[in-house]
Amino acid sequence: MAILTMAGILDARPRVGYFYTGKTTMQAIGESIKNKRVKDYKSVPILVKENTSVYDAICTMFLEDVGTLFVVNEQNDLVGVVSRKDLLRSAIGKQNLEDVPVSIIMTRMPNIILTYPDETLHEAASKLIRYQIDALPVVRPKQGKDGSQTETKYEIIGRITKTTITRAYVDLGNEEL
Ligand code: ADP
């Protein structure tokens, strides 16, 4: 009974008993996947300012042990994304990496693929696959001074990566044990 309840096939009501939910195991797994939200799985985003040098960005990537850095302006609005390959590509050239700001090599707004706290992890994972990228910034639109939402300005409140999705996958496997 306990196993069938955990699998979502039976529902347990205290002092009433067990009843059949009518869900197949696959439906229950699907529901569990769709219930996982970005806000419950997001990790800490690593940010650099747009005038940070490529050299310092490489150091930050090593020190923070991440594969993607998010770039912000003085107001902390999201302006860009820098990945490992972006940094490698710029290191192939002959420029002095201490003289090149990340703003020159980053992928910039409005071309950044975003995710939101209330989006499902499944939607975020689909974006990683569809756009062939490793990470998404979790953002909140910034309110304008008059209370209106400015579409292009976002505050970064987290990060979703392929590792996040792997962790959720492991959790899902443990739920079904
Ligand atoms: P890697 O460079 O390690 O393969 P990615 O696959 O994430 O890492 O990056 C591939 C390209 O996509 C890079 O040029 C990077 O700037 C860009 N990129 C990474 N994340 C995003 C994102 N969330 N939105 C838009 N472009 C991105």
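Contact here means heavy atoms within 4.5 Å. This is a predicted model, in which local features need pLDDT of at least 70, side-chain atom pairs count only at pLDDT 80 or more, and totals for chains, interfaces and linings use all residues. Residues are numbered from 1 along each chain as its sequence is written, and side-chain values use heavy atoms, with hydrogens and water left out.

**View 1. Threonine 120 and its contacts.**
Threonine 120 sits in the loop between β6 (107-108) and α7 (121-130). Helices (H or I, at least four residues) and strands (E, at least two) are DSSP runs, numbered from the N terminus. Leaving aside residues up to four places away in sequence, threonine 120 touches Lys34, Lys36, Arg37 and Val38. Take Lys36: its C-alpha atom is 5.7 Å from that of threonine 120, yet the two residues are 84 residues apart along the chain. Is threonine 120 buried or exposed? Threonine 120 counts as buried because its relative accessibility is 9%. Buried means under 20% relative accessible area, exposed over 50%, and partly exposed in between (1.4 Å probe, protein chains only).

**View 2. Serine 90 in helix α5.**
Helix α5 (residues 84-92) holds serine 90. The relative accessible area of serine 90 is 8%, so this residue is buried. Its contacts are Val54, Gln95, Leu97 and Ile105, not counting residues up to four places away in sequence.

Strands β1 (residues 10-13) and β2 (residues 17-20) pair in the antiparallel sense over four bridges. Two strands pair if DSSP finds at least two bridges between them. Alanine 12 stands opposite tyrosine 18 in β2. Three residues lie between the strands of this hairpin, where arginine 15 takes a positive phi near 60°.

Which of the 14 residues around the ligand come nearest? They are Ser83, Asp86, Thr107, Ile113 and Asp134. A residue is near a molecule or strand if one of its heavy atoms lies within 4 Å of it. Now look at the ligand's oxygen atoms. One oxygen atom of the ligand is 2.5 Å from a polar side-chain atom of aspartate 86. In lysine 85, an N or O atom of the side chain is 2.9 Å from an oxygen atom of the ligand. Glutamine 132 uses its backbone: a polar atom there is 3.4 Å from a ligand oxygen atom. The protein covers 85% of the 540 Å² of accessible area that the ligand has on its own. Accessible areas come from the Shrake-Rupley method with a 1.4 Å probe; for residues, only the protein chains shown count as cover.

Technical notes. Polar contact = N/O pair within 3.5 Å; in protein donor to acceptor, adjacent residues only side chain to side chain.
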